[in-house]
Amino acid sequence: MRATVPPPTVLACAVDPQSWDLDEGSYRAGVDAQAECFRCPRLADCRKELSSMVAADTPPRSMIWAGVPFSHRGRPITSDAMLRSYYRRVDGHRGTSRGTAA
């Protein structure tokens, strides 16, 4: 009898990394990314990696890791209202037309 090898798992964050990037994605994409994290078979490993990064004072910045959104300063965004506000600020920065220095 031959043992079967399960197919490799394709992680959603590897397929669409922009949705986990708070500077690139949208609020809706971020909420969906968090939900994907909580369904991911690798969540426990990501949480361990996250704990190590935070302990080493090198937290993720402007991204969602293990279902936790982090600001550009590496601080967890702890509520939906704060996440909405963060995306609004990011959208405002994206929409700002910056001139060139004369």
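Predicted model: local features only at pLDDT ≥ 70, side-chain atom pairs only at ≥ 80, totals over all residues.
## Arg75 and its surroundings

Arg75 touches Pro69 and Phe70, leaving out residues up to four places away in sequence; a contact means heavy atoms within 4.5 Å. Arg75 sits in the loop between β2 (68-70) and α4. Helices (H or I, at least four residues) and strands (E, at least two) are DSSP runs, numbered from the N terminus.

Residues are numbered from 1 along each chain as its sequence is written, and side-chain values use heavy atoms, with hydrogens and water left out.

## The chain as a whole

The chain has four helices and two strands. Read from the N terminus, the order of these elements is α-α-α-β-β-α. Among contacts in the chain with a separation of 6 or more, 48% are between residues 24 or more positions apart.

Of the 102 residues, 28% count as buried. Buried means under 20% relative accessible area, exposed means over 50%, and partly exposed is in between (1.4 Å probe, protein chains only). The chain exposes about 7300 Å², and carbon and sulfur atoms supply 56% of this area. Accessible areas come from the Shrake-Rupley method with a 1.4 Å probe; for residues, only the protein chains shown count as cover.

Ser71 is found in the loop between β2 and α4. With a relative accessible area of 11%, Ser71 is buried. Apart from neighbours within four places in sequence, Ser71 is in contact with Pro60, Arg61, Ser62, Ile77 and Tyr86. Ser71 and Pro59 are 12 residues apart along the chain, and their C-alpha atoms are separated by 9.7 Å. Ser62 lies in the loop between α3 (43-55) and β1 (63-65) and is buried at 6% relative accessibility. The side chains of Ser62 and Tyr86 are joined by a polar contact of 3.1 Å. A polar contact is a pair of N or O atoms within 3.5 Å; within protein, one must be able to donate a hydrogen and the other to accept it, and residues adjacent in sequence count only if both atoms are side-chain atoms. A polar atom of the Ser62 side chain also lies 3.5 Å from the backbone nitrogen of His72.

Ser19 is placed in the loop between α1 (12-15) and α2. Its relative accessible area is 12%, so Ser19 is buried. A polar contact of 2.4 Å joins the side chains of Ser19 and Asp16. Beyond four places in sequence, Ser19 touches Ala29, Gly30, Ala33, Ile64 and Tyr87.

## Nonpolar cores and the aromatic pair

The largest nonpolar core has 11 residues: Trp20, Leu22, Tyr27, Ala33, Cys37, Ile64, Ile77, Leu83, Tyr86, Tyr87 and Val90. Such a core is a set of buried Ala, Val, Leu, Ile, Met, Phe, Trp, Tyr and Cys residues joined through side-chain atoms within 4.5 Å. Helices α2 and α4 each supply at least two residues of this core, and the largest share, four residues, comes from α4. A second, separate core has six residues, including Cys46, Met53, Ala66 and Phe70.

Rings of Phe, Tyr and Trp (its six-membered ring) pair if their centres lie within 6.5 Å; planes under 30 degrees apart count as stacked, over 60 as edge-to-face and the rest as tilted. By this rule there is one aromatic pair. Tyr27 and Tyr87 form it in edge-to-face geometry, at 6.2 Å centre to centre and with 80 degrees between the planes. The pair links distant parts of the chain, 60 residues apart: Tyr27 is in helix α2 (residues 27-39) and Tyr87 in helix α4 (residues 80-95). Both Tyr27 and Tyr87 are buried.

## Cysteines

The whole structure contains zero disulfides, a disulfide being a pair of cysteine sulfur atoms within 2.5 Å. For Cys13, the nearest cysteine sulfur is that of Cys46, 6.1 Å away. Cys13 is partly exposed, with a relative accessible area of 35%. For Cys37, the nearest cysteine sulfur is that of Cys13, at 6.6 Å. Cys37 counts as buried at 10% relative accessibility.
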